[in-house]
Amino acid sequence: MTSPQHTYRRLLREINRQFTSVNGNRAWATQMRQQWVAASQDSASSNMHAATNILAFLTSNRKHGELI
């Protein structure tokens, strides 16, 4: 299992690659940071599982678009 810091950085990279660099709007990255901080105060294991699932979805969605 990856560390929370590694997952956080990969999520930021993926969000920047798909949303921020496309339209120049930092709202997605800002919202993800706020959610990460709020979630860090809750149960860690369920939040890490959700973050990993979101990361997998974003990465798969981007790769699918590149293949088409």
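Select R17 and E14: the two form a salt bridge, with the closest N and O atoms 3.5 Å apart. Here a salt bridge is a side-chain nitrogen of Lys or Arg within 4 Å of a carboxyl oxygen of Asp or Glu. This is a predicted model, in which local features need pLDDT of at least 70, side-chain atom pairs count only at pLDDT 80 or more, and totals for chains, interfaces and linings use all residues. Residues are numbered from 1 along each chain as its sequence is written, and side-chain values use heavy atoms, with hydrogens and water left out.

Both R17 and E14 lie in helix α1, three residues apart, about one turn of the helix. Helices (H or I, at least four residues) are DSSP runs, numbered from the N terminus. Helix α1 covers residues 4-23.

Colour the pair by accessibility. Buried means under 20% relative accessible area, exposed over 50%, and partly exposed in between (1.4 Å probe, protein chains only). R17 counts as partly exposed, at 43% relative accessibility, and E14 counts as buried, at 4%.

What is the distance between the closest N and O atoms of E14 and R62? In this salt bridge the distance is 2.5 Å. E14 lies in helix α1 and R62 in helix α3, so the pair ties together parts that are 48 residues apart in sequence. Helix α3 runs over residues 44-67. R62 is buried, with a relative accessible area of 17%.

Show the contacts (heavy atoms within 4.5 Å), leaving out residues up to four places away in sequence. E14 touches L55, L58, T59 and R62. R62 touches E14, R17 and Q18.

R62 and E66 both lie in helix α3, four residues apart, about one turn of the helix. E66 is exposed, with a relative accessible area of 55%. Salt bridges that share partners join E14, R17, R62 and E66 into one network. The count of salt bridges comes to three.

Last, select R9, R10, R13 and K63, which form a positive surface patch. Patch residues have over 30% relative accessible area and no salt bridge, and like charges are joined within 9 Å. Helix α1 gives the most to the positive patch, with three residues. R13 is found in helix α1 and is partly exposed, with a relative accessible area of 48%.

Conventions: Helix = DSSP H or I, 4+ residues; strand = E, 2+ residues; numbered from the N terminus. Patch = residues over 30% accessible without salt bridge, like charges linked within 9 Å, V, L, I, M, F, W, Y side chains within 5 Å. Areas by Shrake-Rupley, 256 points an atom, 1.4 Å probe, with all protein chains shown as cover. Lys, Arg positive; Asp, Glu negative; His and termini not counted. Charge placed at Lys NZ, Arg CZ, Asp CG, Glu CD.
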